[in-house]
Amino acid sequence: MESLINKNTNEQIVRFIDRAYSFWDRVKGLLGKGSLPDSYALWILPCPVIHTFFMKFPIDVIFVDKNLKVVSVFHSIPSRRIIYGGWKSHSVFELQANKLQHFNIKKGDQLYVGH
């Protein structure tokens, strides 16, 4: 499994990443899940906009550009929202709500996905 790391701080944000590449995987996203484990993130790519309609729980999100540089960060997004990551957004990481309050992730940080 791959993990998500903030290269600016050398901190591991999550240990396990699932990728949503196909059209249907991107449309489904986290819909149907009852919760998210603390050490898990869903990486949806490409994806500059997300929605939380029909979600059963709030989420934290990190939008990144094609080079995994942070474009925007949103905390505890509740259900029934549409979130646009910005014109430079290429993909998004969706994580457990309040997960990101433990990390100082900000616009411009360089993320890394790997082992």
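**N10.** I started with N10, which sits in the loop between β1 (3-6) and β2; strands here are DSSP E runs of at least two residues, helices are H or I runs of at least four, and both are numbered from the N terminus. This is a predicted model, where local features need pLDDT of at least 70, side-chain atom pairs count only at pLDDT 80 or more, and totals for chains, interfaces and linings use all residues. Residues are numbered from 1 along each chain as its sequence is written, and side-chain values use heavy atoms, with hydrogens and water left out. Phi of N10 came out near 60 degrees, a positive value in a residue other than glycine. N10 counts as exposed at 66% relative accessibility (exposed is over 50%, buried under 20%, partly exposed in between, with a 1.4 Å probe and protein chains only).

**F54.** I found another positive phi at F54, about 70 degrees, and F54 is not a glycine either. I placed F54 in the loop between β5 and β6. Its relative accessible area is 71%, so I put F54 down as exposed.

**P46.** I checked omega from L45 to P46: near -10 degrees, a cis peptide bond. P46 belongs to the loop between β4 and β5 (49-51).

**Whole chain.** I counted one helix and ten strands in the protein chain. The order from the N terminus is β-β-β-α-β-β-β-β-β-β-β. The radius of gyration is 13 Å, close to the 13 Å of the globule rule for 115 residues, so the chain is as compact as a globular protein of that length (C-alpha atoms only; the rule is 2.2 Å times the number of residues to the power 0.38). I got a C-alpha trace spanning about 35 × 30 × 25 Å along the principal axes. Of the 115 residues, 48% count as buried. For contacts (heavy atoms within 4.5 Å), I took pairs at least 6 apart in sequence, and 65% of these join residues at least 24 apart.

**Surface and charge.** I have about 6,400 Å² of accessible surface, 54% of it on carbon and sulfur atoms (Shrake-Rupley, 1.4 Å probe; for residues, only the protein chains shown count as cover). There are 15 positive and 9 negative side chains, and the centres of the two sets lie 5 Å apart. Lys and Arg are the positives, Asp and Glu the negatives, with His and the chain ends not counted; each charge is placed at NZ of Lys, CZ of Arg, CG of Asp or CD of Glu.

**Cores.** I looked for nonpolar cores, meaning buried Ala, Val, Leu, Ile, Met, Phe, Trp, Tyr and Cys joined through side-chain atoms within 4.5 Å. The largest has 18 residues, of which L4, I13, I62, F93, L95 and L111 touch the most other members. β2 (11-14), β4 (40-44), β6 (59-64), β9 and β10 each give this core at least two residues. Apart from it lies another core of 15 residues, including L36, I44, F57 and I77. Skipping neighbours within four places in sequence, I noted contacts of L4 with, among them, I17, I62, F93 and L111.

**K99.** I found K99 in the loop between β9 (91-96) and β10 (111-114). K99 is buried, with a relative accessible area of 9%. Beyond four places in sequence, K99 contacts I13, V14, D38 and D60.

**R15.** R15 is in the loop between β2 and β3 (16-20) and counts as partly exposed at 46% relative accessibility. Not counting residues up to four places away, I have R15 touching M1, E2, S3 and S39.
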